[in-house]
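Hello,

Here is the structure for you to take over. Please open it first, then read the notes below.

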Amino acid sequence: DMKATRQGKVVTRGYIDMKATENGAELYLYGDIVDDELTAAYFGGHCPQEIADFVKGLNPNAPVTIYFNSPGGDVFAGLAIHSVLKRHAGKKTGQVDGMAASIASVILMGCDEIVVNTGAQVMVHDPWTCAAGNSRDLRAVADDLDNAKESLLDVYMGKTRDGVTRETVADLMSAETWLRGEQAAKYFVLDTKEAPAVAAAASTMFGSY
């Protein structure tokens, strides 16, 4: 789930695997996106700092393949990971093995080339959060969520096909839209691949979709 702020405990299963290869590097984003190393260490998931450390250790022009099977997570952590990957000069290839949902789909847009395997899906939706307080507090939270959506739209629009409008993508987000590869290719610049999708990631994030 995309969350502008996160409250409570995050329970997740998943893993991150980073390795150098003869032809560049591989990064597996399997599981939730969290905002700090402590949460990642105790509850699992991937945080911006570990991705930044991984990229920092690469040759500046090394190609990187990022494999996705993630239900999403913290919105600002995902935006930070997107920025880290975007700054890397080497070619980034994003391959959706199972899902790139919620903020994981935003990270996916930081790749130069995107491939969605057969049966895999990309999901976009509006930012979500938990909030408490008086009426002024709640109105401010609503404004924050609207601003967060605009930030996400800025990223999505950088990978849309010609003719796809910002309003169209905004509507897809509002409807919480799951897209198979051929459907996603109608809106975003990506390819599909005849390869089986892996099993869906397990996460408590799904309860908030």
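**Around helix α6**

Just after α6, Glu176 takes a positive phi of about 50°. Helices here are DSSP runs of H or I with at least four residues, strands are runs of E with at least two, and both are numbered from the N terminus.

Before going on, two notes on the model. It is predicted, so local features need pLDDT of at least 70 and side-chain atom pairs count only at pLDDT 80 or more, while totals for chains, interfaces and linings use all residues. Residues are numbered from 1 along each chain as its sequence is written, and side-chain values use heavy atoms, with hydrogens and water left out.

Back to α6, which spans residues 166-174. Its buried residues are Val169, Ala170, Leu172 and Met173. Buried means under 20% relative accessible area, exposed means over 50%, and partly exposed lies in between (1.4 Å probe, protein chains only). As background, an α-helix has 3.6 residues a turn, so residues three or four places apart point the same way.

Glu167 and Asp171 are on the other side of α6, and they are exposed. The cover over the buried residues includes β6 (121-124), α5 (135-157) and β7 (177-180).

Val169 counts as buried because its relative accessibility is 0%. Leaving out residues up to four places away in sequence, Val169 touches Leu153, Tyr156, Met157, Thr160, Val164 and Phe188. Contact means heavy atoms within 4.5 Å. Met157 is 12 residues from Val169 in sequence, and the two are 8.0 Å apart in space, C-alpha to C-alpha.

**Helices α2 and α3**

Which way do these two helices run? The axes of α2 (residues 48-56) and α3 (residues 75-87) come within 9 Å and cross at roughly 10°. That makes α2 roughly parallel to α3. Axes are lines fitted to C-alpha atoms, for helices over the stretch in contact, and angles run from 0 to 180 degrees between N-to-C directions. Angles under 35 degrees count as roughly parallel, over 145 as roughly antiparallel, 65 to 115 as roughly perpendicular and the rest as oblique.

From α2, the residues in contact are Pro48, Ile51, Ala52 and Val55. They meet Ala77, Ala80, Ile81, Val84 and Leu85 in α3. By class, this contact has nine nonpolar, no polar and no charged residues. Nonpolar covers Ala, Val, Leu, Ile, Met, Phe, Trp, Tyr, Cys and Pro; charged covers Asp, Glu, Lys and Arg; the others, Gly among them, are polar.

**Salt bridges**

How many salt bridges does a search of the whole structure find? It finds six. A salt bridge is a side-chain nitrogen of Lys or Arg within 4 Å of a carboxyl oxygen of Asp or Glu.

- Lys91 pairs with Glu113, with the closest N and O atoms 2.8 Å apart. This pair links distant parts of the chain, 22 residues apart: Lys91 is in the loop between α3 and β4 (92-101), Glu113 in strand β5 (residues 113-118). Lys91 is partly exposed at 45% relative accessible area, and Glu113 is partly exposed at 27%.
- Asp126 pairs with Lys149, with the closest N and O atoms 2.9 Å apart. This pair also links distant parts of the chain, 23 residues apart: Asp126 is in the loop between β6 and α5, Lys149 in helix α5. Asp126 is partly exposed at 27%, whereas Lys149 is buried at 13%.
- Arg180 pairs with Glu182, with the closest N and O atoms 3.1 Å apart. Arg180 is partly exposed at 39%, and Glu182 is partly exposed at 46%.

Salt bridges that share partners also join Glu150, Asp154 and Arg166 into one network.

**Strand β3 and the whole chain**

Ser70 is in strand β3 (residues 64-73). Ser70 is buried, with a relative accessible area of 0%. Among the residues that Ser70 touches are Leu29, Asp32, Met99 and Ala104, not counting residues up to four places away in sequence.

The chain has seven helices and eight strands. Of its 209 residues, 51% count as buried. Among contacts between residues at least 6 apart in sequence, 71% join residues at least 24 apart.

Best wishes
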